[in-house]
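Visitor: I would like to learn how to read this structure, one feature at a time. Could you walk me through it?

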Amino acid sequence: MPRGPVVFLGRRYFASGSSSRLASFISLLAMTGLVMGVAMLIIVLSVMNGFDREMRTRILGVVPHVQLFEQGGIADWRALAQRIGAMPGVVEATPVSVFQALINARGKTQAVAVQGLLPEALDSAMASALPAETGRWLSAGGADGGGLMLSRVLADKLGVEAGAKLTLIVPRIGDGGRQLAPVMQAFTLKGTFDTHTAEDVGLALVHLDTAGALTGFGDRPQGLRIALEDVFAAREFGFGLIRQLPATFSFIDWFQTHGNLHQAIQMSRQMVGLLIFLIIAIAAFNVVSMLIMTVVDKRPAIATLKTLGADNGTILGVFFIQGTLIGLVGCAAGLVLGVLGALYVSDLVAWLEQLLHLRFLNTEIYPIDYLPSQLRRADVITVVATALALNFLATLYPAWKAARVRPAEILRYE
């Protein structure tokens, strides 16, 4: 039989469905499962890509890739920062002092991680995450003890706004681990910031000189924040840097502080992708069931075609085309829904949060407080190709069963 009638019959069987209600329902179920599986897999992969992107850009913008420290503080930090900044792969190196403290306001106390920064020497990532007034707010000295800024999340916990009076309590440990009387300093809250990351849960910023006065380092920063072009080279860079410096230096990289978070994001991406991939596999099994029922329903027509001269290859081609059309239409519809969902899922979740007055993502639990999405062409191609491959495999057995129909056994009862 010529190729034209094969294509025509395959398209007709696809469009007409089956005279059996059960077969029609299974056909609809198979198509719906394929559409939803492809769409959901594209959306979920895009969301996980978004989390990975935010991990690299926003979260690792607030958290330095490498933190270099020296016992007693870095005396000539400007020369060291210039030297490190000239190294290959280094974006910038800026001074920082980091310590833990308690903050008290209106009878409420919260543990905070305090960073002492120099407003005129902020790294670009931190500068972009902070308000434009940061340079004016983070002042050193003065009757109010100097400028202090809190994350918006922490300020809401304490119930304070700009202008509120705060007390910072810094614990001290003497020689031999002996506990000393804590340092207490009154501040006026100058402003708030919001990085939209988990760092907002307990982060306070002060001037570098203020941090030195509280920790006893004076005008020496405890260390340097180092930003790298390749964030995954942080560990290797840190060890290489330490080998060039005196033994008083040490370093911490982002793998130590946030490596578990990155691994969790990658594992979640793989696990969720696998689970939704199984939805596509189940949809492919439904395609097998649907085509088998179509073969049973169309046995008289198959017998008639064979009587008219159609060979096994022709019958196999008819049902292969029918199954292929199911896969193409299902994947195309899933592709459209998935791409649209990936592009607008962030806006949709934000709209639902405003409508329902709920916060789906909280930085006390999740690394960021919004749902990111990044659509990648490679993911879309992989998902669609996988779905089409599974659908192709699903059509082989039903088409083979159709080709094995014996006209004499079917037509003698007609």
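Visitor: Is phenylalanine 251 buried or exposed?

Guide: Buried means under 20% relative accessible area, exposed means over 50%, and partly exposed is in between, with a 1.4 Å probe and protein chains only as cover. Phenylalanine 251 has 13% relative accessibility, so it counts as buried. Keep in mind that this is a predicted model, where local features need pLDDT of at least 70, side-chain atom pairs count only at pLDDT 80 or more, and totals for chains, interfaces and linings use all residues. Residues are numbered from 1 along each chain as its sequence is written, and side-chain values use heavy atoms, with hydrogens and water left out.

Visitor: How many aromatic pairs does the structure hold?

Guide: Rings of Phe, Tyr and Trp (its six-membered ring) pair if their centres lie within 6.5 Å; planes under 30 degrees apart count as stacked, over 60 as edge-to-face and the rest as tilted. The structure holds four aromatic pairs. In one of them, the ring centres of phenylalanine 232 and tryptophan 254 are 5.8 Å apart and the planes stand at 70°, so this pair is edge-to-face.

Visitor: Where do phenylalanine 232 and tryptophan 254 lie?

Guide: Helices (H or I, at least four residues) and strands (E, at least two) are DSSP runs, numbered from the N terminus. Phenylalanine 232 is in the loop between strand S8 (223-228) and helix H8 (234-244), while tryptophan 254 is in helix H9 (residues 254-297), so the pair ties together parts that are 22 residues apart in sequence. Phenylalanine 232 is partly exposed at 35% relative accessibility, and tryptophan 254 is buried at 0%.

Visitor: And what about the rings of phenylalanine 239 and phenylalanine 251?

Guide: Their centres are 5.1 Å apart and their planes meet at 85°, so phenylalanine 239 and phenylalanine 251 also make an edge-to-face pair. This pair links distant parts of the chain, with phenylalanine 239 in helix H8 and phenylalanine 251 in strand S9 (residues 249-253), 12 residues apart. Phenylalanine 239 is partly exposed, with a relative accessible area of 44%.

Visitor: Which residues form one aromatic cluster?

Guide: Phe232, Trp254 and Phe255 do.

Visitor: Let us turn to charges. How many salt bridges are there?

Guide: A salt bridge is a side-chain nitrogen of Lys or Arg within 4 Å of a carboxyl oxygen of Asp or Glu. The structure holds three of these salt bridges. Aspartate 253 forms one with arginine 235, and their closest N and O atoms are 2.3 Å apart. That pair links distant parts of the chain: aspartate 253 is in strand S9 and arginine 235 in helix H8, 18 residues apart. Aspartate 253 is buried at 1% relative accessibility, whereas arginine 235 is partly exposed at 33%. Elsewhere, salt bridges that share partners join Arg152, Asp156 and Glu161 into one network.

Visitor: How do I read that network?

Guide: Start with arginine 152 and aspartate 156, whose closest N and O atoms are 3.0 Å apart. Both residues lie in helix H6 (residues 152-158), four residues apart, about one turn of the helix. Glutamate 161 also meets arginine 152 in a salt bridge, at 3.3 Å from N to O. Arginine 152 is partly exposed at 21% relative accessible area, and aspartate 156 is partly exposed at 49%.

Visitor: Which residues make a nonpolar surface patch?

Guide: Patches are made of residues with over 30% relative accessible area and no salt bridge; like charges are joined within 9 Å, and nonpolar side chains (Val, Leu, Ile, Met, Phe, Trp, Tyr) within 5 Å. The accessible areas come from the Shrake-Rupley method with a 1.4 Å probe, and for residues only the protein chains shown count as cover. Here, Leu348, Trp351, Leu355, Leu356, Leu358 and Phe360 make a nonpolar patch of about 600 Å². Phenylalanine 360 lies in the loop between helix H11 (312-356) and helix H12 (377-403), and it is partly exposed at 38% relative accessibility.

Visitor: Which are the buried residues of helix H7?

Guide: In helix H7 (residues 208-215) they are Leu208, Thr210, Ala211, Gly212 and Leu214. Just after H7, glycine 216 takes a positive phi of about 85°.
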